[in-house]
Amino acid sequence: MGATLRALRALVLLSGFYLISLVLLAALAGVDIALYHWGLRGIGAVKIAIVTVLLAVPVVRGMFMLRIPAAEDPAAVEVGEADEPRLWALVREVADASGTHAPARILLTPDVNASVREDAKLLGLRPGPRTLTLGVPLLTGLSEAELRAVLGHEYGHFTAGDTRLSAIVVRGRAQISRVVEQFHATADGKVADERERQERTAAKRIAKGKKAREVDTRHTGALYRGMARLYTWYATVYLRASLSTARGQEFAADLAAARIAGRDATAAALREIPVLSAAHGFYLDSYATLGLPARTLPPRGQFFGGFGALLTARAGELEKLRAGLPEEPESRYDSHPPMAERVRRVEALPADGRGPEGDGPALALLTDPEHTLTALEEAVLTAEALGFRRTADWPELLNVAMAEGITTARTPLHRALTAYNGRPATLTDVLDAIDEGRLWRVAERLPLSEEAAAAKGRAFRQFVRPALGDSLRTMVLAEFSARSLLNWEFSWSRAAVLRLPGAADDTGASPEDALEAAVDAALADVPDTAPLRALLPPTAVQPA
Amino acid sequence: MTVLLWILAALALPFVLFAAWMAKVFLKEFFSGNAEAAIEAEEAAATAAEKAAASAALGLLPAERQNTDSAGPSTPETKAALAAVRGGDWRPAADLMAAVGRDWERRSLLTFRLADRAADDDTWLLAWEAARPEDPDAAVVRARSAVILAWRVRGGQRAQHTTREQFDGFRRTLLEAREEVARAAALNPDDPTPYVAEIWLALGLGYPNAKMDDLWTEITARAPHHYEAHFSALQYWCAKWRGSERLATEFAERAAAGAPAGSLLTALPLIAHFEHDDSDDTAADNTPEMVARVEAALKDAAAADPAHPRLPELRHLLAYYLHLQGRNEAAVEHFRLVDGHVDALPWRYRNDKAEYFCQVRDTAVLEAGAAARAGMSGAAESL
């Protein structure tokens, strides 16, 4: 089957999406007409008519769901040509080289992604105005030549390919994917999952300025779910039928990018994007949002700005990530072929002599990167987050965040002992409980896995020891923290390291080692709390 | 009008199918029928009752009266020592350990029984250690109890049904146990028992084969034909742990061939076969090789000291394989000798080991009875 035929088939299938609903409605109407035609009256006929109407409701609703809400702009900073002349010049230049028209707007977002959105109409049958969405982390992590390759790829989607129809197929796929997403979201309770996930990473949500979508529980009826499954099934058929076209498009867009930006820069950009994506996720989790529980943010402009420092400090680690590209597509219906294959195809092109052009990070294209990063924070962080205190530097943020985390932590042991004693527990209470031999009674109130709960005697103790150790350590550290005796070492290249006051003892054991040993002794089968009591700051624990 | 109706009917077909499918889903949720299962269970119960009656007539015990903690009866001294430690008194246990002395077979079994108790609650063992800090007997019980504790934390399920928490606790406890095992070995250099315990560390920590061979040299230097050492090492060489079917069979055959009669090591080839046999029929259990193995085991059992602490374990295996080979009368002979205790292979891997034991035993009894009646009425014996 040729590319044109394949595209045509996909187009027919696309219209079938509407047809399926019309067929269902016609069938229902047919039942009613048949009843009337055969002169059936009476209570039975009325009942059947009512059932057909009830069944028609989800069908009609399903048809309306095919209407896609107008695409919304993501939280972003819109930059005009006057603000960023050099960026705009680059964008126009790449559009010209691709032989397509430049976007009407450029939006800078905090995501590791670049896309050209076309607000197409009629399920992608008619073109519309274009918006270029460009992630600032890409500007931070890619060189100018690599950025050119990324833009060349995006424009390639509008120009590459052998038929005019395949461009329509690509647009249609995007729309259908959104319909399926919507069905999943409402029908399978994905919204609830999504919200749960978002609440777990509340920090990230605030960072990206997203609001949790409203949970819609009205459509939980089985009929509705059945409808949703029918449409989803059809969409899957459609996506599969048009998959080869879509993947071919990706390869073609890569070739277009290589033509414009050079083979080596394109391959480098393709390798770099998954790495940047992983690194940025890690950066947001472990650095940028570190202080959110303590209602603290990094210095102004640093929320997204620290990413560059992380990339520099962890260059070695990233090099390893670049070596291992994903060999599998992300899902069966992902329009993007596996990254490893895309890189292979680009690298198989003949050398064009341009090499990996050694220019600096694309962030330098911006007139005032500092200013843009600050503006981006204001555009995408929630108003609540923007009201948080700003620290003077990153090490201060770490210390504030860790102190907050430790002093407000209600450890499982704390909760268990509070429940056991019937009054708020302190570290002294814990040590006293250990001395009185009641620790294992208290431990039965810890949240336990099925296996731990089933275990008895020594096996039970082995199960709960790690959790008790974590809790006890945290409670001890909280005592130190409350007296400002804790220090955390900030680093862009490795995890924060805890520093307790004091120096290594005669045997070379650091204060941190001594703490570990003391916690182990307190939780042993024959417990001894003396080493732990000796370690604590003087006023923390009075003798029992 | 008729044409219109036909068109509508054609259009309605997918919808009707769709509605039928939805109706099926609804009905499925309301009725999860298990009537068939109930009938099957009833029939099975009827035959089981018939079998159980035949066994009861021979004086064999029902499943609920089988001891699931050991393979055979304990000596009165062992019973007394176990009862004492339950009450917190370690002295009878210490005295018995001293009396057993250098009888390594009995020492390893007694240590295991005591350590098994200590893995639940070691208060008495702590008291023993406090009273006699350098006692090698207390040390070896401590070492084995630490290893047993680790395996309890892991649980008896296969790897895919074992949680991360269980594996982490298993490893942590094994590493602690390693120190106890080394201490016990240092306190009593002649004793193979700590090294037997170490084999179970080797399984859990995944010793490479070379390290296992080193360990094996230590053991055979101390006790060349020790039953529990061989049994444990065979587990290590099984495919499910660190070996393969070939390695396990080779190890078992070599041990059985090199051992004097009465050492009971003829059990090893049977166990190696049992561990790697996934077939559903008894063809694999009736090969000339398996028949020869059972014959050798019968001779070994006959030559053994009747008080050998591991003799019941071999009898359980013999009863099972004699039954599978259709020699039900001989099987019943062994079933009667071990009846009352079921913690042995091949039953041990099942959660319902007593029921499993009784089910196989009762079948053997029934078939032996039928064969005997057939024999009396003049049917040809084929031997």
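Tutor: Of the 544 residues of chain A, 47% count as buried. Keep in mind that this is a predicted model.

Student: How many helices and strands does chain A have?

Tutor: The count for chain A is 24 helices and 8 strands.

Student: And of the chain A contacts between residues at least 6 apart in sequence, what percentage join residues at least 24 apart?

Tutor: That share is 76%.

Student: Switching to cores. Which residues touch the most other members in the largest nonpolar core?

Tutor: Leu114(B), Trp124(B), Trp128(B), Val141(B), Ile199(B) and Tyr321(B) do, in a core of 99 residues. Helix α7 of chain B, residues 136-154, gives the most to this core, with 10 residues.

Student: Where does that core lie relative to domain 1 and domain 2 of chain B?

Tutor: Between them, because domain 1 (62-223) and domain 2 (240-371) both give residues to this core.

Student: Take Val141(B). What is Val141(B) in contact with, leaving aside neighbours within four places in sequence?

Tutor: Its contacts are Met97(B), Thr111(B), Leu114(B), Ala115(B), Trp124(B), Leu125(B) and Trp128(B). There is also a second, separate core, with 56 residues, including Val91(A), Val275(A), Leu363(A) and Ala385(A).

Student: Which residues of α22(A) and α5(B) meet?

Tutor: From α22(A), Gly457(A), Arg458(A) and Ala459(A). They meet Ala118(B), Ala119(B) and Asp120(B) of α5(B). By class, this contact has 3 nonpolar, 1 polar and 2 charged residues.

Student: What about Arg461(A), buried or exposed?

Tutor: Arg461(A) is buried: its relative accessible area is 13%, and the cut-off for buried is under 20%. Arg461(A) is found in helix α22 of chain A.

Student: What does Arg461(A) touch, not counting residues up to four places away in sequence?

Tutor: Trp440(A), Asp525(A) and Asp122(B).

Student: And how far apart are the C-alpha atoms of Arg461(A) and Leu523(A)?

Tutor: They are separated by 9.1 Å, with the two residues 62 apart along the chain.

Note on methods:
Residues numbered from 1 in each chain as written. Chains lettered and ligands numbered in written order. Predicted model: local features only at pLDDT ≥ 70, side-chain atom pairs only at ≥ 80, totals over all residues. Heavy atoms only, no water. Contact = heavy atoms within 4.5 Å. Helix = DSSP H or I, 4+ residues; strand = E, 2+ residues; numbered from the N terminus. Nonpolar A, V, L, I, M, F, W, Y, C, P; charged D, E, K, R; others polar. Core = buried A, V, L, I, M, F, W, Y, C linked by side-chain atoms within 4.5 Å. Buried < 20%, exposed > 50% of the residue type's maximum accessible area, 1.4 Å probe, protein only. Domains from an automatic or database assignment.
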